[in-house]
Amino acid sequence: MSEPAGGSDVVVVGGGVAGLIAARELSHVGLSVTLVEARERLGGRIWRRSFAGTQRTVEVGGAWFSTRDMRPLAAELERYGLEVEAAAPPRAYRWLTGGIVRDGAPLPRSEGRALERAIYALGVAAREFAAHGGCGGREPGGLAELDVSAAAWIDALALPPATRDLLLTFAAMYGGAHPREVALLAHLSDIAAFGASAYALLDGLDEQLADGSGQLVARLAEDCGAELVLGAPVAAVQRHAGGGVRVRCDGPGASVYEAHAVILALPLGALAAVALDPPADPLIDAAVSAGQPCHSIKLWMLAADVPAGILAAGWGAPLQWVSDVGELDGARLLVAFGFDRTQLDPASADSAQEALRRFVPGARVLAVDHHDWSADRFARGAWGMWRPGWFSDGTLLALSTLHDGPLAYASSDFAPAWPGWIAGAISSGRHAAELIRRRLRA
């Protein structure tokens, strides 16, 4: 083990968007910052690379957004002059609901009133969530009746089959897990942020960065003002008896970094690899042990005999969502989402083809590509979602609070606005930086 590698005002652990934002905010007010990242690259779960065997780049991590609604992200794109392009709108819809594959409309005319009732109930619940302070308020209590699983809430509506399946489709796709694992409040936070519009979950995410997500990461890295240390997994954070913290890294270049404060800008699951002295809040420990529920498979497929511009979605199949993003080598490049690895092997073109044929009989999958974020030891999960009870029992509040050290947490997994999204990583990084700034400048 080497001797301490010098002192900084703040060590930021994690070089994803949340960590880069926190480092920038602190360095821009005159504090010295060291940012330590486990990977040999920055960006965390933002990652663009080539589709296997081609020169076509794809987003294996976060990609789509709405600048109109996601103002934390829009402000960053405006700040750095990054160009945004609209995603091509779907030209054909195919739905699997009530056990039937349907073209055009997702359910039969006879269930129209049931769908209206369900969307109204979602709007009412989202407004109640917002009225209690939403993600920004974080005060437990008052929402216990809504702090249930998405599946339990949907079941309580007693909907007819196709309408029920439609709601389960969106809950599973956005939750990246079976709806019984994901808190309804996690979905309500999105709907509330979209102006209490549930329909926005279908048409609201229609933009992407023209030159790829890596452009945002690169600009944040250039502007963050921190000493950047890559390839250095953090193993332990220890508070000094006289104040301040010591951050110990593992690996061939093991180092120790001294600082007055630390920000753990890591996904919730990745916190399990960092030993804290003193130990973390028991609520945070329990959440880390349980893990955040999103284990979505984001699967890229090159497929033939598929309608151009298709959007297919449904419940009761290995994939809950399939979307065409364009032509590649005479075939269609599709992005799809599922969560059940007992039904889908994302490394197998045959498995992907069987899943795709639930929506498009006769489709041929020529190649597949994906990154397993759940098996990635520096992520241990896909985008952040909440388990039922984390709002009411104070877990989310604990993750947004300054702890002795001083120590703060930052991640899109538990962001004060837009949790689970790039915009959430930005809002969380700003929030953590402000907690540390106030303490160090007090």
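Me: Why is E222 called exposed?
Reply: Happy to explain: E222 has a relative accessible area of 62%, and exposed means over 50%, buried under 20% and partly exposed in between, with a 1.4 Å probe and protein chains only. So E222 counts as exposed. A word on the background: this is a predicted model, where local features need pLDDT of at least 70 and side-chain atom pairs count only at pLDDT 80 or more, while totals for chains, interfaces and linings use all residues. Residues are numbered from 1 along each chain as its sequence is written, and side-chain values use heavy atoms, leaving out hydrogens and water.

Me: What makes E222 and R219 a salt bridge?
Reply: Their side chains meet at 3.4 Å, N to O. A salt bridge needs a side-chain nitrogen of Lys or Arg within 4 Å of a carboxyl oxygen of Asp or Glu, so the pair qualifies. E222 and R219 are 3 residues apart in helix 9, which means a separation of about one helical turn. Helices here are DSSP runs (H or I, at least four residues) and strands are E runs of at least two, numbered from the N terminus.

Me: Why is R219 called partly exposed?
Reply: R219 has a relative accessible area of 30%, so it falls in the partly exposed class.

Me: Why is helix 2 called roughly perpendicular to helix 9?
Reply: Helix 2 (residues 71–80) and helix 9 (residues 214–223) pack at about 70°, with their axes 11 Å apart. That angle makes helix 2 roughly perpendicular to helix 9, because 65 to 115 degrees counts as roughly perpendicular, under 35 as roughly parallel, over 145 as roughly antiparallel and the rest as oblique. The axes are lines fitted to C-alpha atoms over the stretch in contact, and angles run from 0 to 180 degrees between N-to-C directions.

Me: Which residues of helix 2 and helix 9 meet?
Reply: L73, E76, L77, R79 and Y80 in helix 2 meet L216, R219, L220 and D223 in helix 9, where contact means heavy atoms within 4.5 Å.

Me: How do you know that R49 and D369 form a salt bridge?
Reply: Their side chains meet at 2.7 Å, N to O, so the pair is within the 4 Å cut-off. R49 lies in strand 3 (residues 48–50) and D369 in strand 18 (residues 364–370), 320 residues apart.

Me: Is D369 counted as buried or exposed?
Reply: D369 has 10% relative accessibility, so it counts as buried.
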